[in-house]
Amino acid sequence: MKKLPPAKRNQLIMVLLSTTALICAVYFLLIGPQNDDNQKLVKSAADKEDELGKMKSIIKQAAVTASQLTDVSNQLNHAETDIATGDAYAWTYDTIRQFKSAYPVDIPGVGQPTISDVDILPDFPYKQIRVSMNGTAYYHDLGKFVADFENNFPHMRLVNLSTEPAGGTDSDSSEKLQFRMDVIALVKPNN
C-alpha cells in the first residue's frame, strides 16, 4: 500500500470503509432482525410442540380418566343405596319397619317426614328429611337398636333421643322405657 499513489490509496480506504459499513448495515438491518425472527419461531415451535405433547398425554389418559369416572360413579351409586328416594314417607316407614323387625323394639308411631335443606353443611347437593318416632323398649334393646341403626345407615342419624319410664302396672312394662327420637336422613335429589 505504500507504493500506491495517495489518491488510489484514499480510494481503496474509502472502498474498504464503505464495504465494511455496507456489510454492517446489511447485518444489522437485514440479517439481525431475521435471526431474531428465526429464534422467536424456534421458541414458538418448541412451545407448540410441548403443548402438543401435553394434549397427546391427555388424550392417552382419556380412557383412564373415563374408567376412574365410572369407578367413582359406581362408588357414589353404592353409597347412595340407603338415601331416601321417591315418596319420603313411604321410604322412611318401610326402612324403619324392615330394620326394627330384627329387634324387640316397639315403634307404633312414625311421624310425617319434613323435607328441608341440609342444615349441617352449606350448599350441600342433597336435601334432608326429619321424622319423629316414638315407642317402647328395654334399655339394652334400645341401645343395640340405636347403635346398629346408625352403623347400618351411614347417611341417617338418630337425634334428640329422650327416654322415660314406660309407667305400666305389670312387671314387664315397668322395666321398659318409653322413647322419642328424630331420624334425619339424606334425600337423593331428583335428576
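Predicted model: local features only at pLDDT ≥ 70, side-chain atom pairs only at ≥ 80, totals over all residues.

Residues are numbered from 1 along each chain as its sequence is written, and side-chain values use heavy atoms, with hydrogens and water left out.

**Exercise 1. Classify the ring pair formed by Phe-99 and Tyr-103.**

Step 1: Get the rule. Rings of Phe, Tyr and Trp (its six-membered ring) pair if their centres lie within 6.5 Å; planes under 30 degrees apart are stacked, over 60 edge-to-face, and the rest tilted.

Step 2: Apply it. The structure holds eight aromatic pairs. In the one made by Phe-99 and Tyr-103, the centres are 5.1 Å apart and the planes make 35°, so the pair is tilted.

Step 3: Look around. Phe-99 and Tyr-103 are both buried (under 20% relative accessible area; exposed is over 50%, partly exposed in between, with a 1.4 Å probe and protein chains only).

**Exercise 2. Which residues form a nonpolar patch on the surface?**

Step 1: Know what counts. A patch takes residues with over 30% relative accessible area and no salt bridge, joining like charges within 9 Å and nonpolar side chains (Val, Leu, Ile, Met, Phe, Trp, Tyr) within 5 Å.

Step 2: List the members. They are Leu-22, Val-26, Tyr-27, Phe-28, Leu-29, Leu-30 and Ile-31, with about 740 Å² of accessible area together (Shrake-Rupley method, 1.4 Å probe; for residues, only the protein chains shown count as cover).

Step 3: Check one member. Val-26 sits in helix 1 (residues 6-60); helices (H or I, at least four residues) and strands (E, at least two) are DSSP runs numbered from the N terminus. Val-26 counts as partly exposed because its relative accessibility is 34%.

**Exercise 3. Describe two of the salt bridges, Arg-97 with Asp-94 and Lys-127 with Asp-117.**

Step 1: Start with the cut-off. A salt bridge is a side-chain nitrogen of Lys or Arg within 4 Å of a carboxyl oxygen of Asp or Glu. The structure holds five of them.

Step 2: Take Arg-97 and Asp-94. Their side chains meet at 3.5 Å, N to O. Both lie in helix 3 (residues 88-100), three residues apart, about one turn of the helix.

Step 3: Take Lys-127 and Asp-117. Their closest N and O atoms are 2.6 Å apart. This pair links distant parts of the chain, with Lys-127 in strand 3 (residues 127-137) and Asp-117 in strand 2 (residues 114-117), ten residues apart.

**Exercise 4. Is Asp-182 buried or exposed, and which side chain does it meet in a salt bridge?**

Step 1: Asp-182 lies in strand 5 (residues 177-187). At 13% relative accessibility, Asp-182 is buried.

Step 2: Find the partner. Asp-182 and Arg-130 meet in a salt bridge (3.5 Å, N to O). Arg-130 is in strand 3 and Asp-182 in strand 5, so the pair ties together parts 52 residues apart in sequence.

Step 3: Asn-160 is in strand 4 (residues 156-165) and counts as exposed at 53% relative accessibility.
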